[in-house]
Amino acid sequence: MTGQGGVPSNSPARRPQTLPLRAAVRLVVGAVVLLAVLSTFLDTASRGAVNPFNFFGFFTIQSNLLAAAVLLLAAVLQVRGAADPEWLVPVRAAVTTYMFVVGVVYNLLLAGLPGGVELAWANWVMHVGFPVYAVLDWIVAADRRALSYRVLRLILVFPLVWVTVVLMRGATDGWVPYPFLDPASGYASVAVYVVVIAVAVLAFGAVVLLISRRVPPVAELVGEARREPA
């Protein structure tokens, strides 16, 4: 027998598909970050010609774009009900580390200094809001697993490639995103800063990996608490 619309009368009622909360939040946050980067680019272009290689050469811009792309991918996979590829969690650990570095370095050393992102809201998104969210997402979300400290080698890849490109550009066309990486200041000084950057990335990366190994996801704990009988 069939009911209205040809649906078998003895079949369970179909529930409307709802967007999972975690995926919805990630989609919104990712979209806001992309909007912040685009708005910053357009605002900069409104005041003069923009060299895209210079604009997108900053570690902050690249890190925000990478982290937003990874979170958007994770959200899309969840919406589609697809399994996460094996590499996704280590890559999430890497981009979380980069945003961790951006947030701490900016707010401790660079906040309030002249230059940087002119749009106040976009500056807040890229240097405060998104770094905080990225770390919280790593702590709260249940779609992560314990990772080996060997993942630190993966985490180092992007910063080392970025520094290498910056030094090559500084030695050729003279452009550097940050004065302390200018070869004109002396390669000994630059080498010290490169080592500091590598150590900082390793330290923050180790914290991110430690969280994956020792701190159960908050969402998982909440789910277990709800399943326990009163």
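Modeller: The largest cavity has a volume of about 60 Å³, taken as the space filled by probe spheres set on grid points joined across faces, edges and corners. A cavity is a set of points on a 1 Å grid over the protein atoms alone where a 1.4 Å probe fits but cannot get out. The model is predicted, with pLDDT of at least 70 required for local features and 80 or more for side-chain atom pairs, while totals for chains, interfaces and linings use all residues. Residues are numbered from 1 along each chain as its sequence is written, and side-chain values use heavy atoms, without hydrogens and water.

By this rule one cavity reaches 30 Å³ or more. Ala-67, Leu-71, Arg-92, Val-95, Thr-96, Phe-130, Ala-134 and Asp-137 line the largest cavity, each having an atom within 4 Å of a point. Helices H3, H4 and H5 each give two or more residues to this lining; helices are DSSP runs (H or I, at least four residues) numbered from the N terminus.

Phe-130 is in contact (heavy atoms within 4.5 Å) with Ala-67 and Leu-71, and also with Val-29, Val-33, Asn-64, Ala-68, Met-99 and Val-125, leaving aside neighbours within four places in sequence. Phe-130 is also listed, with Ile-155 and Trp-162, among the residues with the most contacts inside the largest nonpolar core, which has 52 residues. Such a core joins buried (under 20% relative accessible area, 1.4 Å probe, protein chains only) Ala, Val, Leu, Ile, Met, Phe, Trp, Tyr and Cys through side-chain atoms within 4.5 Å. Helices H1 (21–46), H3 (59–80), H4 (88–110), H5 (120–140), H6 (151–172) and H7 (187–214) each give two or more residues to this core. H4 gives the most, with 10 residues.

Technical notes
Buried < 20%, exposed > 50% of the residue type's maximum accessible area, 1.4 Å probe, protein only. 1 Å grid on protein atoms, 1.4 Å probe; cavity = no way out; pocket = protein on both sides within 12 Å on 5 of 7 lines; lining within 4 Å.
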